[in-house]
Amino acid sequence: MHVTILSIGRFKQSALGELYATYEKRLSWKLNLKELDPKLSLNISVDQRKEKESATLVEHIPQDAFVIALDEKGQEISSLEFAEMVRGLQQKSLSPCFIIGGADGLSNDIKKRSQAKISFGRCTWPHLMVRVLLIEQLYRAQQILANHPYHKT
């Protein structure tokens, strides 16, 4: 399986980056993380920032991808449901492309372009932390699908 993660912002040197790398090493699926950092003026509105970030994200979506937006208003799913979603994509030979917006979230254009929208709960998470939550859930899904005891039910 080939997974793409498009995310606004970069880890730089941080504990979150180290934690992400830990799960990335454990994951056997091919993973392509694209950290996108459009240079934006601080003098633009939130909506303008989201639109410019959205344009950058759209440029990097693989042509054959099944696009999944991570959005606080998306569908809340369990880890088992996440694993089943991944299994369904595998069976259809679809490559998931997860999109994580910047600090202001995703534009409506990206949300409309997405074939699915999921949420990691009703809380607001820092966008770089969402990246760590996502890769852990990808690893967890891999383990669930392999009937490994990592996921305790």
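**Close-ups of salt bridges in a predicted model**

**View 1. Lys111 pairs up with Asp71.** Lys111 and Asp71 make a salt bridge, with their closest N and O atoms 3.4 Å apart; the term covers a side-chain nitrogen of Lys or Arg within 4 Å of a carboxyl oxygen of Asp or Glu. This pair ties together distant parts of the chain, 40 residues apart: Lys111 belongs to helix α4 and Asp71 to strand β3 (residues 65-76). Helices (H or I, at least four residues) and strands (E, at least two) are DSSP runs, numbered from the N terminus. Both Lys111 and Asp71 are buried, where buried means under 20% relative accessible area, exposed over 50%, and partly exposed in between (1.4 Å probe, protein chains only).

The model is predicted, so local features need pLDDT of at least 70 and side-chain atom pairs count only at pLDDT 80 or more, while totals for chains, interfaces and linings use all residues. Residues are numbered from 1 along each chain as its sequence is written, and side-chain values use heavy atoms, leaving out hydrogens and water.

**View 2. Asp104 meets Arg49 in a salt bridge.** Here the closest N and O atoms sit 2.7 Å apart. Again distant parts of the chain are linked, 55 residues apart: Asp104 is in the loop between β4 (95-100) and α4 (108-113), and Arg49 is in helix α2 (residues 46-59). Asp104 is partly exposed, at 29% relative accessible area.

View 3. Arg87 is partly exposed at 30% relative accessible area, and Glu84 is partly exposed at 42%.

By the same rule, the count comes to 5 salt bridges.
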